[in-house]
Amino acid sequence: MTKHYDQAYFERWYRDPAKKDHAVGSAARLTRKVALAVATAEYHLERPIRTVLDIGCGEGAWRAPLLKFRPKAAYLGFDSSEYAVQRFGARRNVHFARFADFAQLRPCPPVDLLVCSDVMHYLDTRELDRGLPGLAELCGGVAFLETFTGEDETDGDDVGFHPRPARFYRQRFAKAGFVPLGSHLWLSPALSDRLVALERPA
């Protein structure tokens, strides 16, 4: 089944009133994610974040809550949805790119916070493997890589979902140089030598 990230898709999964408490796009849930990611990045950088790159950003939902926390932060988003780019590109700094494009695409210097939320479990393995090393190069601080596996109980869009084991992602993230911090957060390869012993995973 061909999946279309059009207006109907975002209306169903992000703005359906029947899902307001549990929707993918619940405002309260998103705010908590943004707060967690910002705080973790700033903890490891030891300063406020200045730059954010959001890959697979959809309509740029992270932008508004992010700027409430850090009004001076520069937000840059990329998505493969032509609808999202056409409608929100100019207002929310959202541009067109597919995940695999980041095998070569380097739209900015390494950022303080890199976001790739609810994306990778919908990618085929070839596209994932092509783009992931680019994400590691573009992350200079912390990455929020929210990804679900076949071991999780998920409630949401299951069209095109790949129920892979958690080790599939752990191995690939580690190969790219990311260090796990928990709660979907991964430290940039550039900062991995700063961790003290008990900050590292067992």
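In helix H5, the buried residues are Leu128, Gly131, Leu132, Gly134, Leu135, Ala136 and Leu138, where buried denotes under 20% relative accessible area, exposed over 50% and partly exposed the range in between, with a 1.4 Å probe and protein chains only. The structure is a predicted model, in which local features need pLDDT of at least 70 and side-chain atom pairs count only at pLDDT 80 or more, whereas totals for chains, interfaces and linings use all residues. Residues are numbered from 1 along each chain as its sequence is written, and side-chain values use heavy atoms, with hydrogens and water left out.

Helices (H or I, at least four residues) and strands (E, at least two) are DSSP runs numbered from the N terminus. Helix H5 comprises the 14 residues 125-138 and reaches 20 Å from its first C-alpha to its last, close to the 20 Å expected at 1.5 Å a residue, the expected span being 1.5 Å times one less than the number of residues. The cover over its buried residues includes strand S1 (51-55), strand S4 (111-115), strand S5 (139-144) and helix H6 (166-176), with contact taken as heavy atoms within 4.5 Å. At glycine 131, shortly before proline 133, H5 has a kink of about 30°; the bend at a residue is the angle between axes fitted to the seven residues ending there and the seven starting there. The N-terminal end of H5 is capped by aspartate 124, a side-chain oxygen of which lies 3.2 Å from the backbone nitrogen of arginine 126. A polar contact of this kind is a pair of N or O atoms within 3.5 Å; within protein, one must be able to donate a hydrogen and the other to accept it, and residues adjacent in sequence count only if both atoms are side-chain atoms.

In the UniProt record, an unreviewed entry, residues 53-138 carry the annotation "domain: Methyltransferase type"; UniProt positions are given in the numbering used here, feature names are shortened, and annotations may be inferred rather than shown by experiment. This span is 37% helix and 20% strand, and its end C-alpha atoms lie 8 Å apart.

A search of the whole structure finds zero disulfides, a disulfide being a pair of cysteine sulfur atoms within 2.5 Å. For cysteine 108, the nearest cysteine sulfur is that of cysteine 139, 11 Å away. Cysteine 108 counts as buried at 18% relative accessibility, and cysteine 139 is buried with a relative accessible area of 2%. Serine 188, in the segment after strand S7 (185-187), touches Cys139, Gly140, Gly141, Gly177 and Phe178, residues up to four places away in sequence not being counted. The relative accessible area of serine 188 is 0%, so this residue is buried.

Threonine 149, located in the loop between S5 and H6, is likewise buried, at 7% relative accessible area. Its side chain reaches the backbone nitrogen of glutamate 151 at 3.0 Å. Beyond four places in sequence, threonine 149 touches Phe161, Pro163, Arg164, Pro165, Ala166 and Tyr169.

Most residues other than glycine have a negative phi. Glutamate 46, in the loop between helix H2 (27-45) and S1, has a positive phi of about 60° although it is not a glycine, and this residue is exposed, with a relative accessible area of 69%. Serine 183 lies in the loop between strand S6 (179-182) and S7 and has a positive phi near 55°; at 52% relative accessibility, serine 183 counts as exposed.
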